[in-house]
Amino acid sequence: MIETDIIIIGAGPVGLFTVFEAGLLKLKCHLIDSLPQPGGQLTEIYPKKPIYDIPGYPTVGAGELVDNLMEQIKPFTPKFTLGESAVTIDEVEDDKFIVTTNKGTQHKAPIVIIAGGLGVFEPRKPPVEHLEIFEDKGVEYIIKDPEFYRGKKVVVAGGGDSALDWSIFLVENKIVSELSLVHRRKSFRGHLDSVQKVMDLADSGKINLITEAEVTGISGEDVVNGVTIKHKTQGEFTKECDHFVPLFGLKPSLGPIGDWGLEIEKNAIKVDTEAYTTNRPGIYAIGDVNVYPGKLKLILCGFHEGTIAVQSAFAKIHPDKKNVLKYTTVNGVNGF
Amino acid sequence: MTEEENMVKVYIIDRDDVKHELDAPTDMSMNIMEVCKAYELPVEGRCGGMAMCATCQCYLESDTELIDQSDSELDMLDEAFFVEDNSRLGCQIPITKEIDGITLRLAPEGN
């Protein structure tokens, strides 16, 4: 069991900066994030995009901002559980919470701050009939272990780098017995090298390339044995296969946060702006995941919310201790 | 210019086939996705307007001449679901005088 002062769910910019403000109050933090790296949307969706509304930075790259935040919180030695998503929050003795992830990792603390942004990143699922019935029965959205596909007939769908690169990998390493790549358009917009390689493999008959087509249905008894493909001009036909792997990237969804007994409004957690508290004492929500009158989904507003929340968290953890606001210009940053 | 001169009409057909007439300002650097949200139409705009999700996808139903699609819009539409030849991302259509009277139909949810 991991024990800390504050469990922060979400390691995006707001979660990261909250570590700094908590650190100034000598509170230790542990962050949980479903992505394999810190930074949230900034790292996952738009690392190269410039941001213009961070005070003091006329412009800063999203990835660069995350790097700077990691540097800024280093003195406070935050710990991370990455690549795992928080699934449950249970209240236990001594007014503490246990947060458990999808992989069973448990974290215990008196305070939980949800900085979950848009939620957990999940695969984008194409609108294919009966798709969900066949999940883990021949339909996979992520290729975890390529060996799983050894000797199998696989249909990959998608036109991005992930679909191209996995198709190349599975064929070049002679893992699959047959690979079909289905893409809605004639051309691909992935990396030029990958596109060329796929074209070459298609020309030599190693990839069965089906463009201007979409997978519209799945067939099988208990497991997948084929997919229906609809071609723009040639109509529908069936393709025999053991696996259907749609690779259309990730999208965020609120996920299990919606089941934690928190008041939800407009797909976000309702908070009181005095300290960004939720309806469950000891659980706070900051950044894009919360909602209140006048809410603006801005990183800089999230920084403010985290700063206020940890002051309240301090008072809850140390009800008998006096605390006054200290300026870093006076005291510097004293790490752990 | 008077306030009225800075307004154009935008027609949005929602997923229940209801047509909404919206007044959109040309001087606020807004786009179709933002105007829909301002009128509380069911447009998610998850990525905030960076052409990085397709939750503001719509179909152009009028013969309005639009600016060319950017590479990032084409990239996103390449990966999106329910795409038709007249698909556009609402966030990539700026509100300008030229689009006055445009009619757009919201694409299904699920992107």
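Biologist: Hi! In what order do the strands of the open sheet in chain B run?

Modeller: Hello! Bear in mind that this is a predicted model. The order is β2-β1-β5-β3-β4, which makes 5 strands in an open sheet with mixed pairing.

Biologist: Thanks. And which strands stand at the edges?

Modeller: Those are β2 (19-25) and β4 (87-89) of chain B. Each has a single partner strand, so one side of each has no neighbour in the sheet.

Biologist: What does the twist average from one strand to the next?

Modeller: The twist averages 40°.

Biologist: OK, in which sense do β3 and β5 of chain B pair?

Modeller: Antiparallel, over 3 bridges, with β3 covering residues 57-60 and β5 covering residues 102-106. Within that pair, B:Cys58 sits opposite B:Leu106 of β5(B).

Biologist: Which strands does α2(B) touch where it packs on the sheet?

Modeller: α2(B) touches β3 and β4 of chain B, and its direction makes about 120° with that of β4(B).

Biologist: Nice. Which element supplies the largest share of that lining?

Modeller: α2(B) again, with 5 residues. From chain A, β11 (120-123), α4 (161-172) and β19 (250-253) each give at least two residues to the lining, as does α2 (71-79) of chain B.

Biologist: And how many lining residues are nonpolar, polar or charged?

Modeller: By class, the second largest pocket is lined by 21 nonpolar, 7 polar and 11 charged residues.

Notes: Residues are numbered from 1 along each chain as its sequence is written. Chains are lettered from A and ligands numbered from 1 in the order in which they are written. This is a predicted model: local features need pLDDT of at least 70, side-chain atom pairs count only at pLDDT 80 or more; totals for chains, interfaces and linings use all residues. Side-chain values use heavy atoms; hydrogens and water are left out. Helices (H or I, at least four residues) and strands (E, at least two) are DSSP runs, numbered from the N terminus. Ala, Val, Leu, Ile, Met, Phe, Trp, Tyr, Cys and Pro count as nonpolar, Asp, Glu, Lys and Arg as charged, and the others, Gly among them, as polar. Two strands pair if DSSP finds at least two bridges between them. Axes are lines fitted to C-alpha atoms, for helices over the stretch in contact, and angles run from 0 to 180 degrees between N-to-C directions. Contact means heavy atoms within 4.5 Å.
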